[in-house]
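Hi,

Here is the structure I promised to pass on to you.

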Amino acid sequence: MNFLAEPSFLGTRTPVEIILTLAVVAVGAAAIVWLSFRLQARVLLGAAFVLGIVQLFGPFGFTSFGLLATAALLPAAAWRWGRAKPPLWIGLLIALAVWQMISVLWADKLGSAAYGVLLTLGLIATSLIARETIRESPRGLLDALAIASPFVLIEAWLVTLFRIFPDLERAYLTSPLARFLTEPGVEMIARGSTENVNDIFKAGGVFLNANTASLFLAVVGCLYIWAALQRPSRAQLWIFLAVGLIAFDASLGTGSKTPLAAIVLLPVLGAFALVAVRKPLLAIGVAVVGAAAAVGAITLVSAIRPHLLDETIRTLDERRRLWGVVFHRFPEHWFTGLGFGNWRLAIEEEWRTAFPGRGLQLFPPHNLFAQAWADAGLVSLLLTIALSLLPIAAVVVRIRQRRHDRLFSRGSLELLVVFVGVAWVLVHGMLDTTTFLGDNHLVPFFAAIVAVAFSRRLGTRQDGRMPSTAARQVA
């Protein structure tokens, strides 16, 4: 999706309007902080899940009410964690937030910097709450997912509905309701924008971009399949399975090309890891045969139906040109990066060289590592690499630890599902406009699946169904 250079909040409001708006935000944040100290961790996490979907966008652009409310949970989340030393992953998150605040000093747009910082603060808050939820009771995360399940289903069904009836999607995107439920830029649809959200072959539900929706639904689908494997009550088992499968189906139905590849590649890689720790020689043989088969399939398609690869080649070529702009700017700004909001200036200056003969479009870098460096420099890049890889490494380590378990077991399937979920964000972000945590919609769900990835219970044997909340209270 193109970046739309819309006027900033500060530049389009009078001083009185700015003061009144910030006062309302401050009062709302104070109320959320007060409530967050009094509600159970599972309730807070469930509310964060809902706010991840129903963002309620207002005057601050991508900095929605949902993101502000999620970040406002941080004081209660830190208090619940107590004085215990934060785990390594959350420690790195805190370091990233601190560095992002420092990098505001050379940001071009304060709003872009604030959005980046709030994303990280929201992830810290929801990560702590998710860990606390799991620590209190294995059932807690399931309860939180149950709260969010109707909203996930609505988003998934809307994707499918809009894909079948594109005129209905356009009617929604041009309605007043979309101005509050969908990201900034939706108003461009009414002006005849040719953004890919207006493509009849793509659909994003209440999200503006189909690629964003596909990532969200895939990761959320993995989380709900994981929940179904936790031996919940029979009713919740069917609910979690239904939500997970419908979310995956809608992810494929968005029209984005990424899930078509990831839904094959990532389970294969996860299954390969499960086999490799048990039978290394067999895994090597399978890898060689699989690589040869993949090369053969691509060669065959290129020879018989070359046009099928035209769109993929065009997309990859666009990314290559954008990454070339990043590499060209790296020597001059290797430590500080370009600064939040400055990428648009760089792409404007480099556009004629990178895309000769093509009208200016403010494409983002379309790579989460390139975006991290462009926003906040080398420190941000290194922290982003670590934060992206550590959850995947944690699952791989757990796969190795459980290598003596049966290959076809509930624990192995759980490890496979969580591996796919945490790896999907990285794979998607290597070619698209996103960060290591996805975007504002995905923040709480990404926090939850990462908490599961680091949980000591991941992949362990569980006998019997989990008792319901009411049953535990009676006991």
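Predicted model: local features only at pLDDT ≥ 70, side-chain atom pairs only at ≥ 80, totals over all residues.

Residues are numbered from 1 along each chain as its sequence is written, and side-chain values use heavy atoms, with hydrogens and water left out.

**The core**

The largest nonpolar core holds 124 residues. Such a core is a set of buried Ala, Val, Leu, Ile, Met, Phe, Trp, Tyr and Cys residues joined through side-chain atoms within 4.5 Å. Buried means under 20% relative accessible area, exposed means over 50%, and partly exposed is in between (1.4 Å probe, protein chains only). W226, F436, F445 and F446 have the most contacts inside this core. Its largest share, 14 residues, comes from helix α11 (residues 210-228). Helices here are DSSP runs of H or I with at least four residues, numbered from the N terminus.

Leaving out residues up to four places away in sequence, F445 touches F49, I53, A148, V152, F216, V220 and L223, where contact means heavy atoms within 4.5 Å.

How do α2 and α19 meet? The axes of helix α2 (residues 41-53) and helix α19 (residues 443-454) come within 7 Å and cross at roughly 135 degrees. Axes are lines fitted to C-alpha atoms over the stretch in contact, and angles run from 0 to 180 degrees between N-to-C directions. On the α2 side the contact is made by A48, F49, G52 and I53, and on the α19 side by P444, F445 and A448. Six of the residues in this contact are nonpolar, one is polar and none is charged (Ala, Val, Leu, Ile, Met, Phe, Trp, Tyr, Cys and Pro count as nonpolar, Asp, Glu, Lys and Arg as charged, and the others, Gly among them, as polar).

**Aromatic pairs**

Rings of Phe, Tyr and Trp (its six-membered ring) pair if their centres lie within 6.5 Å; planes under 30 degrees apart are stacked, over 60 edge-to-face, and the rest tilted. The count comes to 18 aromatic pairs. F207 and F216 have ring centres 5.1 Å apart and planes at 80 degrees, so this pair is edge-to-face. Both F207 and F216 are buried, and together with F49 and F445 they form one aromatic cluster.

F330 and W373 make a tilted pair, at 5.3 Å centre to centre and 45 degrees between the planes. F330 sits in the loop between α15 (310-329) and α16 (343-354) and W373 in helix α17 (residues 368-401), so the pair ties together parts 43 residues apart in sequence. F330 is partly exposed at 32% relative accessibility, whereas W373 is buried at 2%.

**Positive phi**

Most residues other than glycine have a negative phi. L56, in the loop between α2 and α3 (65-71), has a positive phi near 55 degrees. H366, in the loop between α16 and α17, has a positive phi of about 60 degrees. L56 is partly exposed at 38% relative accessibility, while H366 is buried at 4%.

Best wishes

Notes. Helix = DSSP H or I, 4+ residues; strand = E, 2+ residues; numbered from the N terminus.
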